[in-house]
Amino acid sequence: MHCLWCDEEQVPEVVWTTVLAPRKEKVVCEACASQFSVLQGSQCPRCARPMEKAEICSDCIRWQEQSAALKRNVSVYEYNNWMKDVIAKWKYRGDYVLVGLFKDQIVSSFTHAFPSKEAFLVPIPLSEERLAERGFNQALAIAECLDLPIEQALSRINSEKQSKKTRADRMRSTNPFQVILPIKQPVILVDDIYTTGRTLQFAAEALVREGCPRVEAFTLVRG
Amino acid sequence: MIFSMSMSFDWIPSPLTSVSSPHSSKLAGRLWLEANLPLSTEETADLIEKGLLTRVPALESNWWGRRCRRCGNTTERLIVPWPCGCGQTCHYCRSCIEMGRISSCTSFLLWTGADPDWHQHVDACAWTGQLTPFQQQGADRIVDTVENQGRLLVWAVCGAGKTEMLFPGLERALALGRRICLATPRSDVVRELKPRLQQAFPHVDIAALYGGSDDVDDGAQFIIATTHQLLKYARAFDMMIIDEVDAFPYHSDPKLHFAAARSLKRHASLIYLTATPRFSLKASSYLKKLPTVFVPERYHGHPLPVPRFLAAFDTKASFPKNQLPKTFNDWLHQKKNEKRRVIVFVPTIKMAETLAAILDGAVYVHSEDAERKEKVQQFRDKEISLLITTTILERGVTFPSIDVAVIDAGHLVFDEAALVQIAGRAGRSAADPYGDVVFFHSGKSSAMVRAREAIQDMNRRARKEKR
Ligand SMILES: [Zn+2]
Ligand SMILES: [Zn+2]
Ligand SMILES: [Zn+2]
């Protein structure tokens, strides 16, 4: 087995326990695996920002004043330099199979945070140009690691169309998303990075406006 | 130069039309992805329509498997299926993805108009220096190789003055209106060569290309590039020089061999330059399959310093006790008294740290050192008289007057080529052509013995041919 990231061949150590119960072959070598930093310790219960104490952070308090559509965000990894390189190769260079680096951790972090299976996964969509450029939507690739129904319920409002609107229209609709398939059940939005939370807030607002009772978010990296 | 399947470039189309265009020199000889073409969509469509640009699949599918036509990769685990944006399940190459993803549905656009007419330069070379007889011998063979479009190995010792030796051959190629590429594995060499060559050939359009370079190739007749840049070229050059052909990463990366072979035109001259050819080149040379010219003497006419072997069996034991191996300690003291400046090569970063600590915070450099350039400059400016380094300084850097030590010279990282290159750091200046080179070891390796023999062999050859 070659490491999915560095392509070094991994020679599995054979000890008597592995002979009796062969372990699952690892996708990533140990050296590379040790570079990923899974989020742990106290964090903001709403946005998963690492905090000294587990309390709602200032950003989330501010957001709540404007909109409370997004109930919380759960992230898997911390954003470090290593993650930056990995994301760059996966998302921008388009090395699709690198999602395999995260798959096991995505599944275990998700099932820990969302034990109930009563929700739809809605990946954040890319604009048509971005999708054509990259060939795949990284948010959808993350959602596909999970064992829940996926609905591509959102689309990005074309910025050209948006510019044809009147100024008043534009002021009302800074939200870049429109709902193409209303969902009347709980939704977990999926995206690769949570940075300011704006994108996910907009997506949540759009879904709630169309009758979605509860929106949470699951993101790969907490920026 | 071993490939899992034969290197065949039959898929590269020959010119389909004798029509030319002002774009020809910019577009010819490249593997273009549509997104990277320096043309508008309308211009592109027009050139395709006229047969000046032709689409060719980027990934080929054979009975034995797939191959990426950009990097030559055939390894199954690196050509993987994925749900492609085109709606199909395509395969893509992971090996060269840094240059943009190539999927089964991706095409290259190749120039199939008339070959560009490269300028025929009269007396292009402005250099007025004098070559030594050995350099002249090398230069003459290079000129021959340019004229008969053959291949040549220039086996020239460290400090032979390779660059000047190329000038007559380059001038000849330019007079014949050829397109030239000087490729090297190392980007610092590209940066160093560009100003020297531009000065020697002031009226020639020269582009220096490496990852992150300012220059772009918009149809330069003479390209100086890292071997990595060749991944973008196909049937582009009439003359290719590969400098330091044995250096990392070229020698160990089949992608780069594939790219270099593809970058040559069907009839072209190919010149390898090295002081330390690896096994496959050496073998072709001995078997007379590869014409070879030796340049066994340095430009200043003095023999290469022959390394001395000094036993230091206490190496492993002394470092943990914060001590230096005895023989090395004595040597270092002697150098201090003689006011000689020294470079100490060590096999690992860890040993560099340890040694620096024992020597009261001496300066050390390694490949992951962000301040590498500054530290080397400090040594060059004589602010420090001792520099500890891993093998990263084995090539390229030249300091006029130094002595050289290798600690644990029997270590695996010091192969024959590395040791010859390291020994070649000493005695570089005409004013001080001798230098002391010592391999400290706890049991000499065959690489050490072969390195010393190779150096002695060159010195012998120089003496013999001078008579
Ligand atoms: Zn790895
Ligand atoms: Zn490739
Ligand atoms: Zn496709």
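This is a predicted model: local features need pLDDT of at least 70, side-chain atom pairs count only at pLDDT 80 or more; totals for chains, interfaces and linings use all residues.

Trainee: Which residues does B:L52 touch?
Mentor: Leaving out anything up to four places away in sequence, B:L52 touches B:T17, B:V19, B:S20, B:S21, B:L47, B:L110, B:W111, B:T112 and B:G113. Contact here means heavy atoms within 4.5 Å.

Trainee: OK, and where does B:L52 lie?
Mentor: In the loop between helix 2 (41–49) and strand 2 (53–57) of chain B. Helices (H or I, at least four residues) and strands (E, at least two) are DSSP runs, numbered from the N terminus.

Trainee: Is B:L52 buried or exposed?
Mentor: B:L52 counts as buried because its relative accessible area is 2%. The cut-offs are under 20% for buried, over 50% for exposed and partly exposed in between, with a 1.4 Å probe and protein chains only. As for B:S20, its C-alpha atom is 7.8 Å from that of B:L52, although the two are 32 residues apart along the chain.

Trainee: New topic: metals. What are the protein donors of the zinc ion (ligand 2)?
Mentor: Four SG atoms, from B:C68, B:C71, B:C93 and B:C96, at 2.2 to 2.4 Å. Donors are N, O and S atoms within 2.8 Å of the metal (3.2 Å for Na, K and Ca), and water is not among the atoms, so sites may look incomplete. Along the chain these donors follow C-x2-C-x21-C-x2-C. B:C71 and B:C96 link distant parts of the chain, 25 residues apart. B:C71 sits in the loop between strand 4 (65–68) and strand 5 (79–83), and B:C96 in the loop between strand 6 (89–93) and strand 7 (107–111) of chain B. Both B:C71 and B:C96 are buried.

Trainee: Why is the arrangement around that zinc ion (ligand 2) called tetrahedral?
Mentor: Because its four donor atoms subtend angles of 103 to 114°; four donors qualify if all angles lie between 85 and 135 degrees.

Trainee: And which residues coordinate the zinc ion (ligand 3)?
Mentor: B:C84, B:C86, B:C90 and B:C105, through SG atoms at 2.2 to 2.3 Å. Their spacing reads C-x1-C-x3-C-x14-C, and the site is tetrahedral, with angles of 103 to 117°. B:C84 is buried at 11% relative accessibility, whereas B:C86 is partly exposed at 41%.

Trainee: What about the donors of the zinc ion (ligand 1)?
Mentor: That ion has the SG atoms of A:C3, A:C6, A:C29 and A:C32, lying 2.2 to 2.4 Å away. The spacing is C-x2-C-x22-C-x2-C, and angles of 100 to 118° make the arrangement tetrahedral. A:C3 is buried at 1%, while A:C6 is partly exposed at 33%.

Trainee: How is chain A divided?
Mentor: Into domain 1 (1–34) and domain 2 (36–222), with bounds from an automatic or database domain assignment. The contact takes eight residues from domain 1 and 10 residues from domain 2.

Trainee: How much do domain 1 and domain 2 of chain A bury between them?
Mentor: About 770 Å², 70% of it on carbon and sulfur atoms. Buried area is the accessible area (1.4 Å probe) that two parts lose on being put together, summed over both. A:L4, A:W5 and A:C32 supply 67% of what domain 1 buries against domain 2, more than any other three residues.

Trainee: And how much area is buried between chain B and chain A?
Mentor: About 1,100 Å², with carbon and sulfur atoms giving 46%. There, 13 residues of chain B are in contact with 14 residues of chain A. On the chain B side, B:R77, B:R94 and B:R101 lose the most area, together 43% of what that side buries.

Trainee: How many salt bridges does the rule find across the interface of chain B and chain A?
Mentor: Two, where a salt bridge is a side-chain nitrogen of Lys or Arg within 4 Å of a carboxyl oxygen of Asp or Glu. The side chains of A:D95 and B:R94 form a salt bridge at 2.9 Å, N to O. Between domain 1 and domain 2 of chain A, the count is zero.

Definitions and conventions. Residues are numbered from 1 along each chain as its sequence is written. Chains are lettered from A and ligands numbered from 1 in the order in which they are written. Side-chain values use heavy atoms; hydrogens and water are left out. Four donors count as tetrahedral if all angles lie between 85 and 135 degrees; four count as square planar and six as octahedral if opposite donors are over 155 degrees apart and all others between 65 and 115; anything else is irregular.
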